[in-house]
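Take a look at the chain below.

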Amino acid sequence: TIFRDETVEHKKDVVLEDELSWKSGTLYFHDETLSEVITRMSDYYDKPILIMNNRLRDLRVSGSFETRDIQGFLEALKELSDIKVEENESGSIILF
């Protein structure tokens, strides 16, 4: 986007089907940080998901995840990298 004051803002390419996929219960991610993925996925779970290892925040993620399947999402994260997942006594999901 180019504004009147001649500044330029680069917007990430958006695939309309991906942006609307949440309506069918699936979210698609294309080379997004784990931090961004967790932020979006957290909207669908009643448990907070916390990243305790700063190294993981910038990990790049691509894939599709069912919004109703938190266990499938967490299993996919474990396979993605050397990510450990635990649930603490308060019910929060901890990634480290």
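The paragraphs below cover confidence, layout, core and surface.

This is a predicted model, so confidence comes before anything else. Mean pLDDT for the chain is 83. Of its residues, 76% reach 70 or more. Confidence is lowest in helix H1, residues 16-20, where the mean is 51. It is highest in strand E2, residues 49-51, with a mean of 97.

Now the layout. The chain contains four helices and five strands. Read from the N terminus, the order of elements is α-β-α-β-α-β-α-β-β. Contacts across the sequence can be followed too. Take those with a separation of 6 or more: 54% of them join residues 24 or more positions apart.

Turn to the interior. Of the 96 residues, 31% count as buried. In soluble globular proteins, nonpolar side chains tend to be buried together. Here the largest nonpolar core has 20 residues. Those with the most contacts inside this core are Leu34, Ile38, Met41, Phe73, Leu74, Leu77 and Leu95. Two or more core residues come from each of strand E1 (26-33), helix H2 (34-42), E2, strand E3 (60-66), helix H4 (70-80) and strand E5 (93-95).

Which residues does methionine 41 contact, leaving aside neighbours within four places in sequence? They are Leu27, Phe29, Phe65, Glu66 and Phe73.

The chain exposes about 6,800 Å². Carbon and sulfur atoms supply 50% of that area.

Definitions and conventions:
Residues numbered from 1 in each chain as written. Predicted model: local features only at pLDDT ≥ 70, side-chain atom pairs only at ≥ 80, totals over all residues. Heavy atoms only, no water. pLDDT = per-residue confidence, 0-100. Core = buried A, V, L, I, M, F, W, Y, C linked by side-chain atoms within 4.5 Å. Buried < 20%, exposed > 50% of the residue type's maximum accessible area, 1.4 Å probe, protein only. Contact = heavy atoms within 4.5 Å. Areas by Shrake-Rupley, 256 points an atom, 1.4 Å probe, with all protein chains shown as cover.
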